[in-house]
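Let's take a walk through this protein together. Have a look at the picture first, and then we'll go through it step by step.

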Amino acid sequence: MTSISVSGALLPLKLPSQWIPQPETCSVTPFPSQKFQLHATTSALDFATRPQRVLPCRVLSEPMSSIIGDLQKRDAVIDDQEDFAKEEERRLVDVWREIHGQDDWAGMLDPMDPLLRSELIRYGEMAQACYDAFDFDPFSKYCGSCRYLRHQFFDRLGMNHHGYHVSRYLFATSNINLPNFFKKSRWPKVWSKHANWIGYVAVSNDEMTRRLGRRDIIIAWRGTVTRLEWIADLMDFLKPVSSNKIPCPDQTVKAESGFLDLYTDKDETCRFCKFSAREQILTEVKRLLEMFPNEELSISITGHSLGSALAILSAYDIAETGINVMKDSRAVPVCVFSFSGPRVGNVRLKERIEALGVKVLRVVNVHDIVPKSPGLLFNEQSPTLVMKLAEGLPWSYSHVGVELALDHKNSPFLKDTGDPVCTHNLEALLHLLDGYHGKGHKFVLASRRDPALVNKASDFLKDHYLVPPYWRQDENKGMVRNNEGRWIQPERPKLDDHPEDIHHHLKQLGFQSSTS
């Protein structure tokens, strides 16, 4: 099908009426022909394992005859066709270690490596799944829980093509002083008074393992999708990670106290959070590694917003505790794919994470305020001498890892807005990833990812695309008619809490097991 480019984005000539561009210029690739579904997600892995070539073109807002003529003179987005042909020959199974950060993504970010882009989108979707599955509704008696049973998780979200199955859910106690992160029901009778669902652990199935080149264990942490007031909730106070029983030999390695408490606190009176998130993570990763002792393995951790902070803390903890070292002394690589994450700790934490071999790639929107917090006064951008003098202060923070900075003003689809909710939106960040080819390159969508996803929980798309804001919502707010014709909130099956063998693994790790 012939394609046109409006200000840098590729579109098929046979466009649905709502996607006909207005006088301003823009740029996009063909959209999928199938009808978009409520829980639609991209088949990013297919793109990753079978690289596709984007045929770029450029056109002016002129009559069709001029468009056709200009198509014949279009500029190629990828100039070196031989290099592109070599890219098509690459397979994920052969380069997964580079994509997992073996060489700190040297030479892969500018220009943007197509396989890395596709993998970043895939891991971003795994983090987005936490939002799509979370019950935010304060009028639901299940507010703060996951909407779906563990074994139905990816199926209910339309994500079976990702090739993972959830091995356990993660919970945290809501007694932490982060009121804008935790959600509670307004009803007196609720699923849990003290717990919130905060993510999951999943492992690749056999087919996906063959395509990836290794068995991938993924940890996905929930963040904050709309309200950003949780930033103000932070005490902005660093404390030693060892004070929360993380076995760090260096007392100067510090993390933000709120993040640490969320990761390590528990409530033994609660069925779901009688074990801390830390205990849940370490025992589950240990259990899964023991299930596949003779396979090539990787541990990939992802999260958005506050979930990104938990991703970095848990990755560090796994490496510091040595959970990722197998009995044959192989070290399973640990990598964090962070989206719009805040600073987590001081420069000593950064140095310790690097020394342990944990890799971190942070994807951010340059206009987002969250990655600039905490540590507004003293951070990695301050002069070296200033940071040296401020090293002992409880407000001196440093980002970890490699940063991939994107700018929503480069996308012709998005409004030029400073709305912090929009600039922090994960779906918008995945959209920016899809169109990013390197600094100074045109914004051209590389996959079939639908721009309408941006407005799933925001009002960020330009109005002339006719996509309503905040369009993703439950039919009738989850109310159903019973046999008597009355509208009620249906009962949900009980969520799994903790595996039966968690006490065994806690004992192996030297933790004191909570009573049943």
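Which residues are buried in α15? Keep in mind that this is a predicted model. The answer runs through Leu426, Glu427, Ala428, Leu429, Leu430, His431, Leu432, Leu433, Asp434 and Gly435. That's 10 of the 10 residues of the helix, which spans residues 426-435, so α15 is largely enclosed by the rest of the structure.

What does the helix pack against? At the N-terminal end of α15 you'll find a cap, Asn425, with a side-chain oxygen 3.0 Å from the backbone nitrogen of Glu427.

Now follow α5 to another of its partners. Helix α5 covers residues 114-133, and it packs with α4, residues 92-99, at an angle of about 75°, the axes being 10 Å apart. That angle makes α4 roughly perpendicular to α5. From the α4 side come Leu92, Val95 and Ile99, and they meet Leu115, Leu116 and Glu119 of α5. Sorted by class, this contact has five nonpolar residues, one charged and no polar ones.

Time to step back to the whole protein. Its secondary structure comes to 16 helices and 13 strands. Of its 516 residues, 55% are buried. Among contacts with a separation of 6 or more, 72% are between residues 24 or more positions apart.

Conventions
Residues numbered from 1 in each chain as written. Predicted model: local features only at pLDDT ≥ 70, side-chain atom pairs only at ≥ 80, totals over all residues. Heavy atoms only, no water. Axes fitted to C-alpha atoms, helices over the stretch in contact; angles between N-to-C directions. Helix = DSSP H or I, 4+ residues; strand = E, 2+ residues; numbered from the N terminus. Parallel < 35°, antiparallel > 145°, perpendicular 65-115°, else oblique. Contact = heavy atoms within 4.5 Å. Nonpolar A, V, L, I, M, F, W, Y, C, P; charged D, E, K, R; others polar. Buried < 20%, exposed > 50% of the residue type's maximum accessible area, 1.4 Å probe, protein only. Polar contact = N/O pair within 3.5 Å; in protein donor to acceptor, adjacent residues only side chain to side chain.
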